[in-house]
Amino acid sequence: MTVQVVLPGVLADLADGRRELEVDAGGGTLADLFDTLAGQHPLLGRRIRDEAGQLRRFVNVYVDGDDVRYEQGLATVLRDGTQVHVLPSIAGG
Amino acid sequence: MTDLIAIGTRKGLWLARSDDERRTWTLDGPHLLAQEVAAVSIDARRSQPRVLAGIQYGHWGPTVMWSDDLGATWQETDHGAIRFPEDTGAALARVWQLRPDSAARPDVVWAGCEPHSLWRSADGGASFELVRGLWDHPHRPTWEPGGGGAAIHTVLPDPDTDRVVVAMSAGGVYVSEDGGAAWEPRNRGIAAGFLPEEPEYGQCVHKVAIDAGDPERMYAQNHGGVYRTDDGGRKWTSIAGGLPADFGFPIVSSPRTPGTAWVIPLVADMQRVPPEGRLRVHRTRDAGETWTSSAAGLPDGSWTSVLRDAFCADDADPTGVYLGTRDGCVYASADEGETFTTVAEHLPDVLTVRAARIP
């Protein structure tokens with residue numbers, strides 16, 4: 001099962017300069033997808049999740065337009081062709 | 001010979017260089033722009049001096065980066081230099097302290113982090129191992145975060161023995177005599193004005209420094225109170241009598257002159273500004289029995305403060321003293337705190353300052 005991952009520009013350098021990636025989602029959840037992504041691009045993986053596997057507080061992830069914090073979080077089930085957006089939230093100063 | 005100051009701020013790192021015996025400084029930066037640099041060190045033990053930085057991306061989490069070419073390029077470990085083991089269930093929140101060990105242990109670097117944890121690297125900072133002895137200490141679940149966070153903010157390895165001293169707000173001072181396996185609190189005599197009586201631990205110690213002549217003698221700037229111990233922390237006594245105020249964050253000892261230390265007093269807990277708005281460094285030459293203040297080169301009308309790691313000494317002779325303020329100014333003294341020159345202004349709030357003489 002392949003899904004499309006869309007990254008913000010500031011993370012593209014950690015994915016060989018690409019903002020859009022086609023990634024095998026493995027077992028089919030968002031956590032599986034990020035495991036695969038971290039295996040291919042460890043630094044990118046660390047920017048999205050901490051070492052305990054949790055989404056970083058100010059990272060937002062949308063699956064086909066829905067914020068996963070209001071869905072099943074990292075257990076959100078993906079399907080072939082799903083689009084996953086990784087975006088920085090409004091934070092900082 | 002070059003003197004180097006590393007200045008970590010809320011929004012990046014600056015490096016200042018002097019090639020004229022610390023008379024004038026050239027500022028270089030920003031490096032790591034837009035990243036919080038809460039911990040920095042200059043590891044001058046290496047053939048190529050290494051600048052280590054504990055950084056925090058606003059969105060993307062904390063990490064340790066290093067540069068072996070004075071900031072031209074930066075590296076980090078793919079899977080993270082500091083990474084909590086899976087069984088802890090914890091995640092690194094912030095790197096508060098990066099401390100190279102002695103020249104006799106040339107690849108050893110210590111890190112103090114949030115959540116309360118101590119780490120030891122045996123490869124110059126590329127990877128660290130959690131010091132389990134402190135992580136598993138039965139007191140740890142009861143250490144409070146203080147205002148700044150639940151962190152080990154001070155790490156002081158003894159160069160000649162296996163003693164390691166750490167301090168935290170608000171847990172107090174802990175000492176290991178065996179390199180980190182066993183730890184005991186050593187806070188007797190240090191006040192905790194926010195508790196009904198003096199506890200065994202839980203004091204809000206802001207910073208600790210070790211005397212140049214005697215490893216048993218240490219100085220502590222507490223959350224209210226300035227103290228000295230002459231017996232490795234088993235008993236602390238006040239040395240605040242000659243100061244205009246006993247509140248502050250940093251305390252720095254001379255690396256070469258016994259009995260010499262510096263503090264930067266603030267009015268009080270509820271008024272964290274220099275007395276009368278005059279930023280001053282106070283120095284003792286007699287281990288805290290008496291203090292004198294330095295005014296030359298430091299500003300009046302300065303309603304700012306100096307954070308616990310934004311004050312340091314170098315290893316040159318005479319000792320250089322450096323401080324950075326929350327309003328983005330950095331001052332340097334090449335004469336042990338008698339007079340100061342301005343190194344930088346208008347930077348983001350300065351979180352940490354370290355200085356070293358490099359080849």
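Good morning. In this structure, strand S15 (residues 205-210) of chain B pairs with S16(B) in the antiparallel sense over five bridges. Two strands count as paired if DSSP finds at least two bridges between them. Helices (H or I, at least four residues) and strands (E, at least two) are DSSP runs, numbered from the N terminus.

The model is a predicted one, in which local features need pLDDT of at least 70 and side-chain atom pairs count only at pLDDT 80 or more, while totals for chains, interfaces and linings use all residues. Residues are numbered from 1 along each chain as its sequence is written, and chains are lettered from A and ligands numbered from 1 in the order in which they are written.

Let me stay with strand S16 of chain B. Opposite B:Gln221 in S16(B) stands B:Lys207. S16(B) is also joined by four bridges to strand S17 (residues 226-229) of chain B, and these two run antiparallel. Here B:Met218 stands opposite B:Thr229 in S17(B). S16(B) and S17(B) form a hairpin with three residues between them, and B:Gly224 in the turn has a positive phi of about 90 degrees.

Is S16(B) enclosed or open? Five of the five residues of strand S16 (residues 218-222) are buried, so the strand is largely enclosed by the rest of the structure. A residue is buried if 20 or more other C-beta atoms lie within 10 Å of its own, exposed if 12 or fewer, and partly exposed in between, with C-beta atoms placed from the backbone. In a regular strand the side chains alternate between the two faces of the sheet. In S16(B), B:Met218, B:Ala220 and B:Asn222 point one way, and B:Tyr219 and B:Gln221 the other way.

Next, the nonpolar core, a set of buried Ala, Val, Leu, Ile, Met, Phe, Trp, Tyr and Cys residues joined through C-beta atoms within 7 Å. The largest has 103 residues, of which B:Ile5, B:Ile7, B:Ala53, B:Val208, B:Ala220 and B:Val353 touch the most other members. Apart from this core lies another, of 18 residues, including A:Val23 and A:Leu33.

B:Ile5 has B:Ala16 as its bridge partner in S2(B). Seven bridges join strand S1 (residues 2-9) to strand S2 (residues 12-18) of chain B, which run antiparallel. In chain B, an open sheet of four strands has the order S3-S2-S1-S27, with antiparallel pairing. Its edge strands are S3 (26-31) and S27 (350-358), each pairing on one side only.

I now turn to chain A. An open sheet of five strands there has the order S2-S1-S5-S3-S4, with mixed pairing. S2 and strand S4 (66-67) stand at the edges, each with a single partner strand, so one side of each is left without a neighbour in the sheet. S1(A) and S5(A) pair in the parallel sense over three bridges, and A:Gln4 stands opposite A:Gln83 in S5(A).

Which residues of helix H1 (residues 30-40) of chain A are buried? They are A:Leu30, A:Leu33, A:Phe34 and A:Leu37. Seen down the axis of H1(A), these fall within an arc of 95 degrees, so they line one face of the helix. The arc is that of the directions from the helix axis to the C-beta atoms.

Finally, the contact between the chains takes 14 residues from chain A and 13 residues from chain B. Two residues are in contact if their C-beta atoms, placed from the backbone, lie within 7 Å. Helix H2 (residues 42-48) of chain A gives the most to chain A's side, with four residues. Thank you.
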